[in-house]
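Here is a short report for a reader new to this structure. It covers a chain contact, some helix packing and a loop residue.

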Amino acid sequence: MKRGIGDRILKGYSFLLYAFLYAPILIMVVFSFNDSRLLAVWRGFSLRWYDTLLADATVWRAFYNSIWVAGLTTIVSMVLGTMVAFVMIRHSFRGKSILDSSLYFPIVIPEITEALSLLLFYVFTGIPLGAVTVVIGHIAFSISYAMIVIRARLVGFDRSVEEAARSLGANEFRTFFHVTLPLILPGVIAGGLLAFTVSYDDFVKTAFTTGPGFQTLPLRIYAMASRGGVSPLLNALATITLAVSMCLALVRLRLSKT
Amino acid sequence: MIDILRHFRFEVTLSYYADFVSSVAPRVFGRSLLVALATTAACLLLGYPMSYYIAVKSGRRRETLMLLVIIPFWVSFLLRTYALMTILDVNGIINVTLLSLGLISQPLNLMYNMQAVILGMIYNYLPFMILPLYASMEKLDKSLLEAAGSLGAGPTKSFLHVTLPLTMSGIGAGSILVFVPSVGEFIIPQLLGGTESFMIGNLIWTLFLKARNLWFGSAVSIILIALVVLLVGLYMKYITKGEEMAI
């Protein structure tokens, strides 16, 4: 096919759109290393904003909260997600299709309705809002994300290896832990990482279900940003938050290729 | 908040739905629908040529270009919206650059208005449109276009009668993926918008977390869900019909 003027316009256009997708993030990251109080006037490379952040106890607290909430969410979602994926792939029972489609609900409905349904649940059951309600909320919705990834791994699973283990005398548990689990482990880990990311990045659900004094990183960033506080300091905090989810995504990408 | 429970008494009533009609909510709903519609249309128009550009490439090049569309997904909504704030702010890169070039003498007010909200929505949701569009174009049988060409159809005609009908499933899926979350979007109008761009998400947030009016807040949310389900249902019906007609 000859490369006409149309092709070149299309190429130029696409690159402009890529630039639009990346420019704001790149500018935010670059200016977090700026040795200036001003947001967009470059005055040389510096780590001063990172130093300020590291000295801030509330930021450390928020970071610590984010990590342990996401960590706990990940472990529970991996276990429950694997169990649900197994049931949905290997068993058939009454009402399965309804249950199955309800598993996709958390991914489909607007996030704000998820968040307020959690809040209503806590209010009417009388559970005091705080760290516990945040974690329960994160787990409730991360299971679906983990389940979808694990399930994809289970679909192409060759069951003859399980039958071989069984005929060699291994019981159901032994077969699961020594044959099935090692084979689906990349999927389980990828599902867990997705659950971690969903939880770590979550803002809306956390904001609705948290109580006084419990803050995660996204809540901290939102609190600073909503006061019109666009600043190099916030750029630095956003960059640190972003670096963590980027690393997680890269690991996920590698896992999906094995 | 828990105090509410002590005074809680169950009683069936539709009065909160009646309140809805006389409140500010219908205006807010209308505005949200318009913003979501504008976002969806803009994402479709912007994303279609780009998806096509990626889909006609082959092998590793195509994979890389597609990965470049997916990577922004790895950054959370909140951070992406904040990143946009650093550009549009009074002290942001656009104003600083224009001021230093002497093109403007006063910083422009690029934030806290409707345009900023729509820009923020497009920025955040564009990949949602490109992914399904790309998927539908990737499957497209190129020989059909050649056949149309050899039968005398010009580029416009073969686009309207071959490419467009065959990528309808991608257009439908992409539109739903953009429209549904943008109707209920909260972070973007809250951070980039002003009073003129107060949306359903802001209304629900205010009712639940500021006014503590769980009852009216719930009614508003139920109407939001019903509306989304209705619109998606209608759209799916229309799109699948369109596909049948194309075949």
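## Ground rules

Axes are lines fitted to C-alpha atoms, for helices over the stretch in contact, and angles run from 0 to 180 degrees between N-to-C directions. Helices (H or I, at least four residues) and strands (E, at least two) are DSSP runs, numbered from the N terminus.

This is a predicted model: local features need pLDDT of at least 70, side-chain atom pairs count only at pLDDT 80 or more, and totals for chains, interfaces and linings use all residues. Residues are numbered from 1 along each chain as its sequence is written, while chains are lettered from A and ligands numbered from 1 in the order in which they are written.

## Helix packing in chain B

α3(B) packs against α7(B) at an angle of about 45°. Their axes are 7 Å apart. That angle makes α3(B) oblique to α7(B) (under 35 degrees is roughly parallel, over 145 roughly antiparallel, 65 to 115 roughly perpendicular, the rest oblique). The contact of α3(B) with α7(B) has 22 nonpolar, 3 polar and 1 charged residues. Here Ala, Val, Leu, Ile, Met, Phe, Trp, Tyr, Cys and Pro count as nonpolar, Asp, Glu, Lys and Arg as charged, and the others, Gly among them, as polar.

α5(B) also meets α7(B), which spans residues 114-138. Their axes come within 10 Å and cross at roughly 130°. So α5(B) is oblique to α7(B). α5(B) passes α7(B) in a right-handed crossing. From α5(B), the contact uses F77(B), R80(B), T81(B), L84(B) and L88(B). From α7(B) come A116(B), G120(B), Y123(B) and N124(B). By class, these are 5 nonpolar, 3 polar and 1 charged residues.

## Where the chains meet

The contact between the chains takes 47 residues from chain B and 45 residues from chain A (two residues are in contact if their C-beta atoms, placed from the backbone, lie within 7 Å). Elements giving two or more residues on the chain B side include α3 (25-55), α5 (77-88) and α13 (214-246). α5(B) gives the largest share, 9 residues. The chain B side divides into 35 nonpolar, 10 polar and 2 charged residues.

## A loop residue in chain A

F157(A) sits in the loop between α7 (131-155) and α8 (160-167) of chain A. F157(A) is partly exposed, with 15 other C-beta atoms within 10 Å (20 or more would be buried, 12 or fewer exposed, and partly exposed lies in between).

F157(A) touches L183(A) and I184(A), not counting residues up to four places away in sequence. F157(A) and I184(A) are 27 residues apart in sequence. In space they are 8.1 Å apart, C-alpha to C-alpha.

Terms used
A crossing is left-handed if the near helix is turned anticlockwise from the far one by less than a right angle, and right-handed if clockwise.
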